[in-house]
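Colleague: Before we discuss the details, may I ask you to show me the chain and its model?

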Amino acid sequence: MKRILGILLSILIAFSCMSTAYAVKPGKNDVSDYPVILVPGYSSSPLFLTKDDGTVEQVWGVDMDEIKNQVLTHIAELGLGLGALGAGEAKYIGETVGKAAVEMYGVLAYNPDGTSVNNISTRFQTAKECNWAALAEAYPDGEFRPEKEVMAEVANYVGEENIYVFYTDFRQFVSDCASDLDRLIQSVKEYTGKDKVNLISISHGGQVTGTYLSLYGHKNDVNNAVMIVPALGGAGFAYDAVSETAILDEVTLLKFIEHGMMSEEDYNWLVRANELGFLDDIIDYLIPYAKQIMGYWGSIWDFVPTDKLDGCFDLLDKNESAPLIEKTSAFHENVMAHYSQAFKKCRELGMNVSIIAGTGTNIVTGLDENSDAIITTEASTGAKCAPMGKRFSDGYVATGSVCTDRTHNHVSPSMEVDASYAYLPENTWFIDGLYHGMEIKDTYTTDLFLKLLIPNDVIDVHSDPAFPQFRASSNPAYAVFGTFSDSSDGYLSSNDTEYIVTNVSAKYPVRIVNISTDGVDLLFSAKTSTLLQPGESAVYKVKGEIPEVSLVRCAVTISYILEGSVTPVGERVLDYTIMNGENVKYDEDNPYCDVDYTQAIRDIIPSRTADILEKLGLLDFVNMFYNFVRQLATILKNLIMMFK
């Protein structure tokens, strides 16, 4: 039970703190000499309690990286084990863990008016105290240095002595966090003698940075500001916690964990086979205890999406919580609703403001919206997204008013995202399949944030073909990546005569078994059963007629075997938009259609049979074999036509 309690506590903490090479990195001669300030993810700052007798005790500051590792390592084992216990144990486990959480962290509670019950503050506030090199010397075990993997990449260019960590009481309202950030920026400028700083922010740190730019951007103290998977428009988990409506999407949760571990084994079928709804029962009993600790934190209320705010206010005592309601409302109305204007003003002053977001994934807590598994794509970027399971119909063109230049193609290859509505249409990058806080697990995304943060000549989405606005993730958990030879990533035209498949696995050789298409009839010729070592690519000749139309969605499915993996069979589906002639007519009466791709085998076997195969972990293998047969049939058909 102690192990279960510890892991479940880790899950509770991790949900609140997860901030979690094909392109060219900046050359060291191009590096800006401005100091870099890290604005990290939620709950990254150590907190200290000053007691009535004047003594000080650290009450928050566990190693967040270790918490994440514990969750990533044990959650599948935990879920399968708990599932076997039976529903009768949910109440006992949830309440036991909840009581332990209150005992350990109840000191962090806020009053109903949005003020701290106890005298709690951060420890590191000045530039000298927050310097990365100084922290590394004082705490060589890594304590008090969040996002270590990300900052190790940055340090390769600017040196640890030029990096500073922003600490804040993450419980407070985000406007107060932004005030703390302004104070640190002034301290770093004075300490270094520089007139500006560069900011790299992650998750909640992105919301803090966005708020800082909105309230203090007029000072023009920032050179480059890069917000990675920012929670600018809030986070669904806050609504789930406040309203007590959290429902886990176990399949998405396990995918999230696989990507965090860069696991190249696919255990999702285990979740589907074992029906882990039992975890929802535990969370139902756990949330009331979490609310005792976090229920009145200003930051939690600033996280609640605007369209859900009034309903959540109804759960509060309007008299006791009047100051909390007033301050939260002011943030949503005066800051959150005006990011586009604020960022535009910052850019007019010469600041380079950029956003990197994930897309194409459900949220782990069950909110059915396009997301990076934690933050919705709309909240991170302001972009318009089709409902989950839907896409914009063929022929759709961008309709947003933030960018009105219709020569700019701001619609994603999957036709699920319209970036013309984004806060920064020309300076927002969307990574399909990028999970929240996994930017360092994906070589492309790592190269991108370095390209945006480090140099003085920051790019936009049009200026460097190596960094297009839309691109699919290269996390090793995906095993393979593919792109056509002569079009930008995610697009297809008659100029494309080759298809390049790359093994993005970090440790396994990948055997390419088959490549098939949906929405366009193409054949890919190369050696049968091509074997690629990690990092290697294969070039396939593309044959077939590409329709002379534009704005039509299609997909390529790469079937492969990971040699040496315990779950060797896999497929990756990559979305493309055909850009090869006149735009097809858009049906305004039917603005959305179903996402086209489903596993082809489901079209020919009963749904019950498909579900059974999925639970047995065999559906991917059967589907891969069927795609291979389909491809052979197409080849034979073409040969027959040639000899007629």
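Modeller: Two strands count as paired if DSSP finds at least two bridges between them. With that in mind, please note that this is a predicted model.

Colleague: Which residue of β16 stands opposite Phe-481?

Modeller: Strand β14 covers residues 480–484, and five bridges join β14 to β16, residues 498–503, in the antiparallel sense. Within this pair, the residue of β16 opposite Phe-481 is Thr-502.

Colleague: Which residue of β20 is the bridge partner of Thr-502?

Modeller: Strand β16 is also joined to β20 by five bridges, and these two strands run antiparallel. Strand β20 spans residues 537–543. There, the bridge partner of Thr-502 is Ser-537.

Colleague: Which residue of β20 is the bridge partner of Phe-524?

Modeller: Strand β18 comprises residues 523–525. It pairs with β20 over three bridges, in the antiparallel sense. In β20, the partner of Phe-524 is Val-542.

Colleague: In what order do the four strands form the open sheet?

Modeller: Strand β14 is joined to β16, β16 is joined to β20, and β20 pairs with β18. The edge strands, β14 and β18, each pair on one side only. The pairing is antiparallel, and the order is β14-β16-β20-β18.

Colleague: Is Glu-147 buried or exposed?

Modeller: Glu-147 lies in the loop between α5 (132–138) and α6 (148–158), and has a positive phi of about 50° although it is not a glycine. Its relative accessible area is 7%. A residue is buried under 20%, so Glu-147 is buried.

Colleague: What is the relative accessible area of Ala-373?

Modeller: Ala-373 is another residue with a positive phi, about 90°, although it is not a glycine. It is found in the loop between β8 (352–359) and α17 (377–381). Ala-373 is buried, and its relative accessible area is 0%.

Colleague: For the chain as a whole, what percentage of the residues count as buried?

Modeller: The chain holds 20 helices and 24 strands. Its accessible surface comes to about 26,100 Å², of which 52% belongs to carbon and sulfur atoms. Of its 644 residues, the part that counts as buried is 57%.

Technical notes:
Residues numbered from 1 in each chain as written. Predicted model: local features only at pLDDT ≥ 70, side-chain atom pairs only at ≥ 80, totals over all residues. Heavy atoms only, no water. Buried < 20%, exposed > 50% of the residue type's maximum accessible area, 1.4 Å probe, protein only. Areas by Shrake-Rupley, 256 points an atom, 1.4 Å probe, with all protein chains shown as cover.
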